[in-house]
Amino acid sequence: FARMFLQVCLYFYCKCLWRCLKFVVRKLTGRCELQRICYNTKPGAARTMKIEASLKGSKSKRLQTSVSVHPDAIEKTIDDIMELKRINPDINPQLGVSLQACLLQIVGYRNLIAEVEKLRREPYDSENPQHEEMLLKLWKCLKPNSPLKARISKQWCEIGFQGDDPKTDFRGMGLLGLYNLVYFAEWDTEIAQQVLSDSLQPKYREVTKKELSQFSKAEWEKKKFDKAIGYSFAIVGINITDLAYNLLVSGALKTHFYNVAPEAPTLTHFQQTFCYLMHEFHKFWIEEDPLDIMEFNRVREKFHKRLLKQLQNPEMALCPHFAASESLINM
């Protein structure tokens, strides 16, 4: 109880001290915190995340709610902020532009989460012609020279689904998994086909002396021909969709999106990121050289931790020049 009481006191002391410090700095510099951030921090994740933290931590409800307004209300919100902070827009014209860019990113990120969540919650419906069309497009992009003999077919296993009907594999991620796989196959066809080809190829794996001492002769004969590269392409794609979704919802992808999207991040940015993650996970899987597919969760968790570490850098952009993003970069 004493420790908890001390922590509460310390919290309020620091909070009051921080507000006093901000007041003093404003009097000395003649600029509020938002002005100091915009003028002293270069555009990108570093600036936007500081602006977001400042607005959320404000004692003003109007400032706190500004990070969740509708995109159409952003201009008026900027005017309200300038008025509340008693900032003359004629003297500080660039401040309004910088704040608007930051708010577009902040509000856009929240809206992107909602859009992605909606797709994740929508189940695959084999009675829906659009869903079926997307599924067939996935096959045509990945296997252009191998016509699908029937809608329900063991051929689906050739691109990494578990059974004769892929619809059952989309239960975890809903339409989001299909959207991502189709985007990867359609916009980065060459890379997607190469990853698929590699995932189907067994790889001879030498067993070290240390490993050999741990196995019987029968186990060694089995393990030396394990498919260290092999995995189910479509199932892994759905799993990487789950990884990308969790990075998005947790806020970890803010660093990346605030650095690559000049305004509001969109679903295309998310799908572009998925393409990058698929490509990078494939390379990471090969580097890890697992004994068999049973090590998938270990490799995935290690890959996840590496991404989180990278995204802690405010200047990090996962895939600014990835093939799927070329059309966005040129805009």
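Visitor: How many salt bridges does the structure hold?
Guide: Keep in mind that this is a predicted model. The structure holds 17 salt bridges.

Visitor: Let's take Arg298. Which residue does Arg298 form a salt bridge with?
Guide: With Glu288, and the closest N and O atoms are 3.2 Å apart. Arg298 sits in helix α15 (residues 296-311) and Glu288 in helix α14, so the bridge ties together parts that are 10 residues apart in sequence. Salt bridges with shared partners also join Glu288, Glu295, Arg298 and Lys302 into one network.

Visitor: And is Arg298 buried or partly exposed?
Guide: Arg298 is partly exposed, at 39% relative accessible area.

Visitor: What about Glu280 and Lys283, where do they lie?
Guide: Both are in helix α14 (residues 267-288), 3 residues apart, which is about one turn of the helix. Glu280 is buried, with a relative accessible area of 15%, while Lys283 is partly exposed at 36%.

Visitor: Which residue pairs with Lys143 in a salt bridge?
Guide: Glu158, with the closest N and O atoms 3.4 Å apart. Lys143 and Glu158 are each in the loop between α7 (129-142) and α8 (174-187), 15 residues apart. Glu158 counts as partly exposed, at 32% relative accessibility.

Visitor: Switching to cysteines. What does the disulfide count come to?
Guide: The count is 0 disulfides. Take Cys102: the nearest cysteine sulfur belongs to Cys38 and is 5.4 Å away, and a disulfide needs the two sulfurs within 2.5 Å. Cys102 is buried, with a relative accessible area of 2%.

Visitor: You mentioned Cys38. Which residues of α3 do Cys38 and its neighbors in α2 meet?
Guide: Glu33, Leu34, Ile37 and Cys38 in α2 meet Arg47, Lys50, Ile51, Ser54 and Leu55 in α3. By class, that contact has 5 nonpolar, 1 polar and 3 charged residues.

Visitor: At what angle do the axes of α2 and α3 cross?
Guide: Roughly 175°, and the axes of α2 (residues 33-40) and α3 (residues 45-56) come within 10 Å. That makes α2 roughly antiparallel to α3.

Visitor: Last one: how many residues of α2 are buried?
Guide: 6 of the 8, so α2 is largely enclosed by the rest of the structure. The buried ones are Glu33, Leu34, Gln35, Arg36, Ile37 and Cys38.

Note on methods. Residues numbered from 1 in each chain as written. Predicted model: local features only at pLDDT ≥ 70, side-chain atom pairs only at ≥ 80, totals over all residues. Heavy atoms only, no water. Axes fitted to C-alpha atoms, helices over the stretch in contact; angles between N-to-C directions. Helix = DSSP H or I, 4+ residues; strand = E, 2+ residues; numbered from the N terminus. Parallel < 35°, antiparallel > 145°, perpendicular 65-115°, else oblique. Contact = heavy atoms within 4.5 Å. Nonpolar A, V, L, I, M, F, W, Y, C, P; charged D, E, K, R; others polar. Buried < 20%, exposed > 50% of the residue type's maximum accessible area, 1.4 Å probe, protein only. Salt bridge = Lys/Arg side-chain N within 4 Å of Asp/Glu carboxyl O.
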